[in-house]
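Please keep the structure in view while reading.

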Amino acid sequence: FNVKADGATGGGWADDGAAIHAAITAAVTAGGGTVFFPSGTYNFASTLTLPFRVPLILEGAGPDSSKLNYTGGGDAILIATGFVGTFLNVAIRDCTVQGNSNANAVGIHQINTPGVLYDNLAVAFFNGSNGAGILMDNQPPHGVGQGGYNERTTFRKVSVWQNTKGIRMVKNGGTFSFFYTRMEDVHFQLPTNGIGLSVENGAFIGNSEIKFFYNGLGTPATAMSITGGSAVGNCLFDIVGEGAKTFINIDSTSRFTGIGYVLQNDGAINLASGAVYIFTGCALEFGDGACGVRSSNGTWVFPGSQGEASLSMQDGANENVSIGLTSFAVVSGPNSNFSIGGFTGGGAGRILNLRSPSVSPGALTILNQDPASSPGNRICTGTAANVTLPVNADSNLLTFIYDSYLSCWYLWSYR
């Protein structure tokens, strides 16, 4: 169903809303189909609705060729089809959905519709105070086929640029489940104070694959935020990025569990009081310019049964990498190693604070790669005691073991 056949110009100067609605109506009358947008820019001010129980696909000629330019103040596209028999029968692909700075403008609003496919898609410039690129909204069930959840959503080669919140997952009276989400290739470009992936209000992403790249054009910005009693767990992660002041923000009621893949970033992990961040068989790397970890009574847990959890911090010039503020506990299983490496250059004064853990951990290793330029690096074994790292012409490698009987750390080996 070609929108130009119903009178759309695609010239970027007229309002093509009536023609687009006519094409969607024709597809619905036919029991479903593909609404096609040839190359061009299509202005529209009223919401394009993919209605209940109809398999529909919105398709363009490519994100650089077909642009759906929303000029209104609500949802540009509303997906409320519910389950339509098989997954991936509802899709938006090969186009750009672009918006404006209206306070409540949203690019795509997905309500209670499992199995949606976003493929070769760009969603950009929904940057009002409540704006979002894609809002996944678990509302109360509205009828047969709407189970109150958005599961099995697939993001494949999706660019989410300059939106206040890139992708929001919100429990809004429906179930908590956003299970089986597949972010196969997502790129977040974050504005100042923007958030890439926001999990809110009791939402739960589980049994999913989360793979995205982010870059923060504005500071501060957050790559992923988990708030309001939400959880992200039992997922495979591959997250790489730069420029966001906060890599992952977890509030006091929420939790994050990383499994499997490597997480890389140059921002900080911000744990509010009571927040929990759990590693199981995966690694986290902080790149150059890392802020490290900010915590207020948060907890890092390294389950020893997996034996693969690790943390690496690569410090950039004139940055402090700190793990374990005075209110922060490192908790490690008996078979896990907790390591901090790569203290290089940038002057002295990098501090590691070792607090008494609640369980006996494995070894903690500190590598001082450039002691000549960083002679003031310190290890704090409590709230007061300071131990200066031994200076060596080449490198320092210290391994500490925690003595649970004496409730203290002691130096196990040094090279």
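A residue is called buried when its relative accessible area is under 20%. The model discussed here is a predicted one. By that criterion, Phe188 and Phe212 are both buried.

Let us begin with the nonpolar core. The largest such core has 65 residues. Those with the most contacts inside this core are Ile77, Tyr118, Ile167, Leu197 and Phe212. Helix α1, residues 17-29, supplies the largest share of the core, namely five residues.

Leaving aside neighbours within four places in sequence, Ile77 is in contact with residues including Leu48, Leu50, Leu58, Leu68, Ile92 and Val97. The list of its contacts also holds Thr47, Gly107, Ile108 and His109.

Ile79 belongs to strand β7, which spans residues 75-79. Ile79 counts as buried because its relative accessibility is 0%, and the cut-off for that term is under 20%. Not counting residues up to four places away in sequence, Ile79 touches Leu50, Val90, Ile92, Ile108 and Tyr118, among others. Ile79 and Ile92 are 13 residues apart in sequence, and their C-alpha atoms are 10.0 Å apart in space.

We now turn to the aromatic rings. A pair of aromatic rings is described by the distance of the centres and the angle of the planes. How many aromatic pairs does a search of the whole structure find? The search finds 10. One of these pairs is formed by Phe188 and Phe212, with 5.1 Å from centre to centre and 80 degrees between the planes, an edge-to-face arrangement. This pair links distant parts of the chain: Phe188 lies in strand β14 (residues 182-190) and Phe212 in strand β17 (residues 209-216), 24 residues apart.

Phe237 and Phe256 form an aromatic pair that is tilted, with centres 5.0 Å apart and planes at 50 degrees. Here too, distant parts of the chain are linked, as Phe237 is in strand β19 (residues 231-242) and Phe256 in strand β21 (residues 255-259), 19 residues apart.

Phe176, Phe179, Tyr180 and Phe204 are linked into a cluster by ring pairs.

Notes. Residues numbered from 1 in each chain as written. Predicted model: local features only at pLDDT ≥ 70, side-chain atom pairs only at ≥ 80, totals over all residues. Heavy atoms only, no water. Core = buried A, V, L, I, M, F, W, Y, C linked by side-chain atoms within 4.5 Å. Buried < 20%, exposed > 50% of the residue type's maximum accessible area, 1.4 Å probe, protein only. Helix = DSSP H or I, 4+ residues; strand = E, 2+ residues; numbered from the N terminus. Contact = heavy atoms within 4.5 Å. Phe/Tyr/Trp six-rings, centres within 6.5 Å; stacked < 30°, edge-to-face > 60°.
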